[in-house]
Amino acid sequence: MTLDCRKVATLRFSGHGAPLSATIYNKVLEIRQKSGKTWFYDLWARNGWDGESPVWRVEFRFKREFLGNLEHPIDDPYDLLDRFRSLWSYAAGQASHSSEEEHELDGWLRYVIPSAADTNRSRWAVHPVWVLVQQAFIEPESEGLGPVVRERKRQRNLEQGLAATVGYLTTLTAWLGGQYAAPDADLSLMLRWLYEAGLEYLEDKQLDFQAEVRKKQARFGLMIA
């Protein structure tokens, strides 16, 4: 368990090296402090998120050791894609109803409601929040957010790419020194050097700039005009 400002931020169940482990963490906090994946906000907002409340993410991690010991072992990535739902059900359980309309318990990890009337924890009812977790792989109605998410990702990648480019340029400028690093030199001087040096590099490596761009567009699934 980890804390942030004395509040629980992460819960871990079993170790990272275990065949099966789980982590539950504050996704809003993780986005703000680490990943910057703000396109999640649009997805949550469509489901009633108020923009401030914490959103908890549940992750299960299956090691190769676990996948290889299944009744029908998984040793191919394509097989794994077809087994996500069954693996999730194994880890989180499946919500079902008994005659008393109470959720029965199953799954490797459970979040239940304690009952003073019954000391047998295996019979305690699944918490409604965990029932939602169990239903993670039930097909939702299309939300039409694909374009919004892609644009958010594109903007994030552009920001990161720009930061990396400026970092490389300042490093190159420091290595070049001379007029490029003079107190009155600006970015345009370095960009002119980059243009000429870049053309020489492409010619030396027998590369075509536009062809390389097309390869990257195909690699990252970007629209090719």
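**Figure 1. Overall view of the predicted protein chain.** Helices, taken as DSSP runs of H or I with at least four residues, and strands, taken as runs of E with at least two, are numbered from the N terminus. On this basis the chain, shown here as a predicted model, contains nine helices and six strands. Of its 225 residues, 24% are buried. The accessible surface amounts to about 16800 Å², and carbon and sulfur atoms account for 54% of this area. Where contacts link residues at least 6 apart in sequence, 42% of them connect residues at least 24 apart.

**Figure 2. The nonpolar surface patch that includes F137.** Four residues, Y78, L81, F84 and F137, make up a nonpolar patch on the surface of the predicted model. Together these residues contribute about 430 Å² of accessible area. F137 is located in the loop that runs between α6 (128-134) and α7 (146-176). The relative accessible area of F137 is 34%, and this residue is therefore classed as partly exposed.

**Figure 3. The salt bridge between D118 and R123.** The structure holds five salt bridges, one of which pairs D118 with R123. The closest N and O atoms of this pair are 2.8 Å apart.

**Figure 4. The salt-bridge network of R57, E59 and R61.** Salt bridges with shared partners connect R57, E59 and R61 into one network. E59 takes part in both of the pairings shown, with R57 and with R61. Between R57 and E59, the closest N and O atoms lie 2.8 Å apart. The side chains of E59 and R61 meet at an N to O distance of 2.9 Å. R57 has a relative accessibility of 32% and is therefore partly exposed. R61, at 30% relative accessibility, likewise counts as partly exposed.

How values were computed: Residues are numbered from 1 along each chain as its sequence is written. This is a predicted model: local features need pLDDT of at least 70, side-chain atom pairs count only at pLDDT 80 or more; totals for chains, interfaces and linings use all residues. Side-chain values use heavy atoms; hydrogens and water are left out. Buried means under 20% relative accessible area, exposed over 50%, partly exposed in between (1.4 Å probe, protein chains only). Contact means heavy atoms within 4.5 Å. Accessible areas come from the Shrake-Rupley method with a 1.4 Å probe; for residues, only the protein chains shown count as cover. Patches are made of residues with over 30% relative accessible area and no salt bridge: like charges are joined within 9 Å, nonpolar side chains (Val, Leu, Ile, Met, Phe, Trp, Tyr) within 5 Å.
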